[in-house]
Amino acid sequence: MKIGLIGAGRIGEIHAKNIFGSKNANLFAISDLNFERSKKLADEFKCMPLSADEILKNPEIDAVLICSSTDTHIKYIIEAAKSGKHIFCEKPLALDLNEIDEALKIVQAAGVKLQVGFNRRFDPEFSNAKKIIQENLGEVLQIKITSRDPGPPPAEYIKISGGLFCDMAIHDFDMARFLTGSEVTEVYSMGSCRIDPQIGNLGDIDTAITTLKFENGAMVVIDNCRATNYGYDQRLEIFGKGGMIQVDNKRPHEIILTSQMGSKKEKPLHFFLQRYEESYKIELNSFLNSLEMKTPIECDGIDGKMAIKIALAAQKSLEENKPIKL
Ligand SMILES: NC(=O)c1ccc[n+]([C@@H]2O[C@H](COP(=O)([O-])OP(=O)(O)OC[C@H]3O[C@@H](n4cnc5c(N)ncnc54)[C@H](O)[C@@H]3O)[C@@H](O)[C@H]2O)c1
């Protein structure tokens with residue numbers, strides 16, 4: 001399987017490393033608007049720095065990984081589908097539901113596969129939580145998701161990210177769908193800029209709480225913040241008829257040091273590169289497996305669309321200060 005990767009930034013580098021390390025794929029080329037960046041990664045992972053156009057037109061390439069900025073995803077999905085290449089696209093697919101519908105139609109007509117980068121579904125802790133729900137917990141009543149970053153991204157990233165709900169909370173909206181196995185009927189969000197005035201100046205928020213109601217009756221509360229002073233805060237609590245599941249933060253180790261000063265544990269792992277390192281490998285393997293075995297994609301275009309639908313409703317709820325029905 002020959003792979004072309006578009007976008008050699010933070011997430012592109014992770015995927016490039018994982019493809020390079022995979023026995024089932026061959027990293028053929030890397031592209032980035034910033035040629036120096038693609039050249040550096042291509043040298044490191046022994047492939048060619050090409051333009052996105054050269055990757056999309058190259059008949060030798062079977063699949064593309066779209067890891068460029070959010071505002072470029074839909075264009076590359078459409079071009080890749082039209083040239084018959086399978087697609088892995090980072091979240092979010094786009095910020096407009098009509099554009100997503102149009103692209104999904106083109107993907108379907110082309111008969112290629114499309115996976116969306118909701119990597120947290122593949123995290124061993126969270127995928128096990130889902131299994132435990134099915135095997136032991138039964139009906140889910142309530143879920144609490146805490147999702148806080150250690151620090152905000154640069155202003156240049158924020159500007160084209162789609163905002164906190166479409167860029168950051170979207171992972172949590174997908175996690176809520178994944179764990180409840182149901183669709184959202186109502187979204188209510190509140191949020192403000194409490195951390196970084198630069199984010200406020202760009203018209204975005206950095207702190208939010210969202211509540212979701214689901215068709216099957218489950219209720220979910222999600223708290224998001226762009227910064228903590230203690231690392232990446234990624235916790236889950238699922239309460240169901242058969243009991244309760246908690247997933248705590250991951251730390252470099254679990255040793256507890258106790259002294260006269262009290263007891264001390266390590267801080268949580270710093271950010272997504274560390275916390276979700278394994279999930280990125282597992283999601284890539286899942287994509288490659290689906291291509292090779294011709295089995296359905298585990299996290300597909302509809303999952304990508306439903307998550308952005310929730311995110312857009314959350315934004316509307318914030319702006320109109322009322323719950324939004326879906
Ligand atoms: N799944 C995850 O955990 C996760 C984590 C981070 C980012 N992301 C998503 O990945 C995407 C990239 O995020 P990032 O953090 O790597 O950003 P980044 O700013 O570090 O990298 C983006 C790269 O894309 C390049 N680029 C921009 N336009 C391009 C174009 N038209 N063609 C080719 N390259 C282009 C930029 O030069 C840059 O190198 C975003 O959509 C983001 O939402 C997902």
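How far is an oxygen atom of the ligand from an N or O atom in the side chain of Lys 91? The distance is 2.8 Å. Welcome to this predicted model, in which local features need pLDDT of at least 70, side-chain atom pairs count only at pLDDT 80 or more, and totals for chains, interfaces and linings use all residues. Residues are numbered from 1 along each chain as its sequence is written, and side-chain values use heavy atoms, with hydrogens and water left out.

**The ligand and its shell**

- The ligand is surrounded by 26 residues, counted when one of their heavy atoms lies within 4 Å of it.
- Arg 10, Asp 32, Arg 37, Thr 70 and Tyr 280 are the closest of these.
- Polar contacts are pairs of N or O atoms within 3.5 Å; the side chain of Arg 10 has an N or O atom 2.8 Å from a ligand oxygen.
- For Asn 119, a side-chain N or O atom lies 3.2 Å from a nitrogen atom of the ligand.
- The protein buries 88% of the 850 Å² that the ligand exposes when taken alone (Shrake-Rupley method, 1.4 Å probe).
- Helix 1 (10–20), helix 4 (73–82) and helix 8 (164–180) each give at least two residues to the shell; helices are DSSP runs of H or I with at least four residues, and strands are runs of E with at least two, numbered from the N terminus.
- By class, the shell has ten nonpolar, ten polar and six charged residues, where Asp, Glu, Lys and Arg count as charged, Ala, Val, Leu, Ile, Met, Phe, Trp, Tyr, Cys and Pro as nonpolar, and the others as polar.

**The largest pocket**

- The ligand sits here, meaning that more than half of its atoms lie within 2 Å of the grid points.
- A pocket is an open set of points on a 1 Å grid over the protein atoms alone, with protein on both sides within 12 Å along at least five of seven lines; lining residues have an atom within 4 Å of a point.

Methods. Polar contact = N/O pair within 3.5 Å; in protein donor to acceptor, adjacent residues only side chain to side chain. 1 Å grid on protein atoms, 1.4 Å probe; cavity = no way out; pocket = protein on both sides within 12 Å on 5 of 7 lines; lining within 4 Å.
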